[in-house]
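This report looks at how the chains of a predicted model meet.

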Amino acid sequence: MRLWLAHYWLYIKAHKEMEEGGSQLVLQTAPFDARFPYTNQTKNCWQNFVDFHRCSKKLGEEHESCKYFKRVYTSLCPKGWVDNWNDQVEAGTFPGRI
Amino acid sequence: MAARIVNRLNWMSRRFYAAAVDSSKMTLAEKEAAESKHAESTMKTWKNVSIFVAVPAILICAYNAWVKEKEHHTHPRPEFLEYAHLRIRNKAFPWGDGNHSLFHNPHANALPEGYEDEDH
Amino acid sequence: MRTVLCHPYHLVEPSPWPCLGAGGAFFITVGSVMYFHYGLVQIMYLGVLVVVIIMFVWWQDVIRESTFQGFHSLVVKQGIKYGMLLFILSEVLFFFSFFWAFFHSSLAPAVELGVVWPPQGVNPLNSFSVPLLNTAVLLSSGATVTWAHHAIISGKREEAILGLSLTVFLGVLFTGLQGVEYYEAPFTISDSVYGSTFFMATGFHGFHVLIGTTFLIICLVRLKLNQFTSRQHVGFEAASWYWHFVDVVWLFLYLCVYWWGS
């Protein structure tokens with residue numbers, strides 16, 4: 001219920017902004033990924049986080065394709081997980097291979 | 001189901017021992033003697049398997065394990081990394097100081113704080 | 001005293017052992033909880049002591065009834081065989097649950113482990129080293145126990161003692177090698193779900209090897225005391241069934257946990 005309210009609030013806010021300023025705010029979330037067809041998106045979130053870091057290592061964080069991975073994992077992952085994983089990456093104890 | 005399995009086992013052993021001779025015209029003593037004789041030949045088979053298959057197999061595997069372990073001990077142990085999923089201590093072990101696992105090996109097993117000794 | 005039986009069944013005398021044994025089991029359960037939660041070990045020891053004593057006196061009764069009083073007719077033996085078979089079936093299901101836990105955790109490794117099996121940072125044991133030797137040892141013990149069994153059937157006592165002694169020796173050797181592996185293992189039970197499932201499954205298997213070895217030692221003692229005949233040796237048969245079961249569990253453990261799991 002609370003989640004739904006939050007979404008609804010964001011939706012109203014975006015529309016208001018668009019009506020007022022005519023700004024081009026585009027609302028989007030992670031697209032459907034055939035590798036993760038089920039409701040549980042944990043590994044989708046994980047895969048995009050790992051892909052972002054692999055991408056950044058190769059092309060740099062600011063590269064457009066890396067930004068895509070970041071957008072997807074930011075949409076999918078709970079913030080706590082991302083914070084935790086970022087700490088682990090920094091400490092060199094992240095369990096994924098980057 | 002269980003009844004069928006037990007019956008089957010009994011049937012198998014009966015068939016097994018009676019297979020060599022026609023048992024219908026024998027007395028109980030004769031049957032027992034025949035069974036005993038058959039069991040003796042089966043015993044010899046398994047004795048031979050034990051001596052000529054099992055013993056060499058164990059020796060070969062023992063030699064193989066010896067070589068592999070010797071080779072393995074020349075490698076340095078992996079560096080200690082504080083992974084969150086390793087060395088979990090949600091609750092103290094009920095023995096000792098509560099921080100060492102039951103088969104703790106100071107050389108191979110790190111504590112949450114790291115290895116206890118230097119690698120050698 | 002002469003007893004005339006008009007039926008093949010064994011009507012047992014009233015016995016205090018089932019009730020006292022249940023009491024001992026209760027003490028083990030409560031004692032284990034006390035040990036795990038408060039480090040209080042005495043109640044568990046008391047329970048183990050009671051159960052071990054009951055095992056001795058209860059099976060002493062059974063041996064007296066079967067070997068010395070001759071109450072174990074074909075029908076009674078059939079019943080005992082059912083009992084043993086169903087007991088082993090329940091043990092199969094017991095181990096099934098550990099394999100289930102193992103496959104649950106390993107077939108789709110969680111993100112906490114790095115989505116890999118073995119988990120990131122876990123170095124499994126080399127399955128072609130000591131575990132392969134253990135497989136050879138346990139399979140060989142299956143051959144020697146069959147040797148002993150057929151020696152008993154053909155009335156060759158000395159051969160039976162030799163075959164059974166070798167089986168016991170191989171059982172002890174297996175336990176020793178597993179002990180070395182446990183000590184040398186670079187991971188512990190608290191190293192992710194890999195350690196938990198590994199030590200849970202192989203630990204309970206090792207415990208069953210100890211039970212099976214004890215069972216075989218008892219059979220060896222009874223063999224030396226001339227308590228088995230070529231027709232009357234259900235105790236030995238039960239021990240050998242149990243030993244084969246332990247053997248098969250190891251085979252699956254080796255293939256799934258040691259080999260595939262590494």
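## Chain C against chain A

Across the interface of chain C and chain A, the rule finds zero salt bridges. By class, the chain C side that touches chain A has six nonpolar, two polar and one charged residues. Three residue pairs are in polar contact between the two chains, both partners being at pLDDT 80 or more.

The contact takes nine residues of chain C and seven residues of chain A. In chain C, the most area is lost to chain A by C:Val111, C:Val115 and C:Gln120. Together they make up 68% of what that side buries. The two chains bury about 650 Å² between them. Carbon and sulfur atoms account for 62% of that area.

## Chain B against chain C

Here 48 residues from chain B meet 49 residues from chain C. The buried area is about 4000 Å². Carbon and sulfur atoms give 63% of it.

Four salt bridges are counted between chain B and chain C. One of them pairs the side chains of C:Lys156 and B:Glu40, at 3.7 Å from N to O. On the chain B side, helix 1 (2-18) and helix 2 (28-72) each supply at least two of the residues that touch chain C. Helix 2 of chain B gives the most, with 20 residues. By class, that side of chain B has 27 nonpolar, twelve polar and nine charged residues.

## Disulfides of chain A

The link of A:Cys45 and A:Cys77 is right-handed, with 110° about the S-S bond. A:Cys45 sits in helix 2 (residues 42-59) of chain A, and A:Cys77 in the loop between helix 3 (64-76) and helix 4 (79-91), so the pair ties together parts 32 residues apart in sequence. Both ends are shielded: A:Cys45 is buried at 1% relative accessible area, and A:Cys77 is buried at 8%.

The other disulfide joins A:Cys55 to A:Cys66, with S to S at 1.9 Å. The torsion about the S-S bond of A:Cys55 and A:Cys66 is about -85°, so this disulfide is left-handed. A:Cys55 lies in helix 2 of chain A and A:Cys66 in helix 3, so this pair ties together parts eleven residues apart in sequence. A:Cys55 and A:Cys66 are both buried. With the bonded cysteines of chain A numbered in sequence order, the pairing is 1-4, 2-3.

## Cysteines in chains B and C

B:Cys61 is in no disulfide. The nearest cysteine sulfur belongs to C:Cys256, 19 Å away. B:Cys61 is buried, at 12% relative accessible area. C:Cys19 is exposed, at 63% relative accessible area.

## A histidine in chain C

Where does C:His208 lie? This residue is in helix 6 (residues 192-224) of chain C. Is C:His208 buried or exposed? Its relative accessibility is 4%, so C:His208 counts as buried.

Residues up to four places away in sequence are left out of its contact list. C:His208 then touches C:Glu91, C:Phe94, C:Phe95, C:Tyr242, C:Phe245 and C:Val246.

How values were computed
Residues are numbered from 1 along each chain as its sequence is written. Chains are lettered from A and ligands numbered from 1 in the order in which they are written. This is a predicted model: local features need pLDDT of at least 70, side-chain atom pairs count only at pLDDT 80 or more; totals for chains, interfaces and linings use all residues. Side-chain values use heavy atoms; hydrogens and water are left out. Contact means heavy atoms within 4.5 Å. Buried area is the accessible area (1.4 Å probe) that two parts lose on being put together, summed over both. A polar contact is a pair of N or O atoms within 3.5 Å; within protein, one must be able to donate a hydrogen and the other to accept it, and residues adjacent in sequence count only if both atoms are side-chain atoms. Ala, Val, Leu, Ile, Met, Phe, Trp, Tyr, Cys and Pro count as nonpolar, Asp, Glu, Lys and Arg as charged, and the others, Gly among them, as polar. A disulfide is a pair of cysteine sulfur atoms within 2.5 Å. Helices (H or I, at least four residues) and strands (E, at least two) are DSSP runs, numbered from the N terminus. Buried means under 20% relative accessible area, exposed over 50%, partly exposed in between (1.4 Å probe, protein chains only).
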